[in-house]
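Open your viewer, colour the chain however you like, and follow along stop by stop. Each stop says what to select and what you will find there.

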Amino acid sequence: MSFSNLTWGVKASFRGYVEAAGGSVTLADGAKWSDDGAFVFNALPDGDLTISPDGSASGALRFEGSVTFEAHGGMLKSTITELALEAREDGLVLSSLDTAMNQRYDIARVALTEADEDGGFSFRSEITLDGMMLIADNYPPGTELDPMRLE
């Protein structure tokens with residue numbers, strides 16, 4: 001099974017807050033906007049992620065691109081970059097690379113909600129403690145984030 005991209009908006013209310021505060025949402029390194037305001041990250045080659053229609057999964061897949069949220073004159077600045085979707089014993093996890101620390105942080109727990117006949121998958125996502133710290137310390141762990149789509 002081969003996937004080409006991940007579509008995820010992080011959290012619509014957070015995007016709205018940043019824009020309402022006069023801030024900006026900047027995409028780089030291959031990330032693109034989707035028609036509904038979410039972000040599209042292209043899959044990198046050599047991933048081995050497989051997902052069954054029942055939600056069981058194995059392997060991992062990384063994605064190119066970054067999204068930076070900035071507001072309040074730079075006092076709020078959050079970047080997610082080089083996302084990875086990884087199957088672990090306790091389920092799927094989405095992580096982001098902290099380029100300053102050269103370390104990956106789990107930012108969301110992911111659960112399958114729908115498997116399409118054409119091979120696409122939809123997921124619900126909820127923020128982790130590390131995700132909370134990355135996204136301006138605003139949403140407590142377990143808060144539902146935007147849905148994800150893997151195709």
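Start with the hairpin formed by strand 12 and strand 13, which has five residues between its strands. In that turn, Gly119 has a positive phi of about 95°. Helices (H or I, at least four residues) and strands (E, at least two) are DSSP runs, numbered from the N terminus. Two strands pair if DSSP finds at least two bridges between them.

Before moving on, keep in mind that this is a predicted model, in which local features need pLDDT of at least 70, side-chain atom pairs count only at pLDDT 80 or more, and totals for chains, interfaces and linings use all residues. Residues are numbered from 1 along each chain as its sequence is written, and side-chain values use heavy atoms, with hydrogens and water left out.

**Stop 1: strand 13 and its two partners**

Select strand 13, residues 121-127. Strand 12 pairs with strand 13 in the antiparallel sense over seven bridges, and here Glu114 has Ser122 as its bridge partner. Strand 13 is also joined to strand 14 (residues 148-150), again antiparallel, by three bridges. Ser122 has Arg149 as its bridge partner in strand 14. Strand 13 is mostly covered, with five of its seven residues buried; buried means under 20% relative accessible area, exposed over 50%, and partly exposed in between (1.4 Å probe, protein chains only).

Now pick Gly120, in the loop between strand 12 and strand 13. Is Gly120 buried or exposed? Gly120 is buried, at a relative accessible area of 3%. Not counting residues up to four places away in sequence, Gly120 touches Glu114, Ala115, Arg149, Leu150 and Glu151, where contact means heavy atoms within 4.5 Å. Draw a distance from Gly120 to Met101: 19 residues separate them in sequence, and 33 Å in space, C-alpha to C-alpha.

**Stop 2**

Zoom out to the open sheet of nine strands, in the order 3-4-1-14-13-12-11-10-7, with antiparallel pairing. Its edge strands are strand 3 (32-33) and strand 7, each of which pairs on one side only.

**Stop 3: from strand 7 to strand 11**

Go to strand 7 (residues 60-62), which runs antiparallel to strand 10 (residues 84-88) and is joined to it by three bridges. Arg62 stands opposite Ala84 in strand 10. Step across to strand 11 (residues 91-98): strand 10 pairs with strand 11 in the antiparallel sense over five bridges, and the two form a hairpin with two residues between them.

**Stop 4: Leu94 and the core**

Stay on Leu94 and show its surroundings. Which residues touch Leu94, leaving aside its neighbours within four places in sequence? Among them are Leu6, Trp8, Leu83, Tyr105, Ile107, Val110 and Met148. Leu94 is also one of the residues with the most contacts inside the largest nonpolar core, which has 38 residues; others in that group include Trp8, Leu49, Phe63 and Phe69. Such a core is a set of buried Ala, Val, Leu, Ile, Met, Phe, Trp, Tyr and Cys residues joined through side-chain atoms within 4.5 Å.

**Stop 5: two positive phi angles**

Select Asn102, in the loop between strand 11 and strand 12. Its phi is near 50°, a positive value in a residue other than glycine, and Asn102 is exposed, with a relative accessible area of 64%. Then jump to Asp46, in the loop between strand 4 (39-42) and strand 5 (50-51). Asp46 has a positive phi of about 80° although it is not a glycine, and at 78% relative accessibility Asp46 counts as exposed. Most residues other than glycine have a negative phi.

**Stop 6: Ala21**

Finish in the loop between helix 1 (12-20) and strand 2 (24-28), where Ala21 lies. Ala21 counts as partly exposed, at 31% relative accessibility. Leaving aside neighbours within four places in sequence, Ala21 is in contact with Ala71 and His72. The C-alpha atoms of Ala21 and His72 are separated by 6.8 Å, with the two residues 51 apart along the chain.
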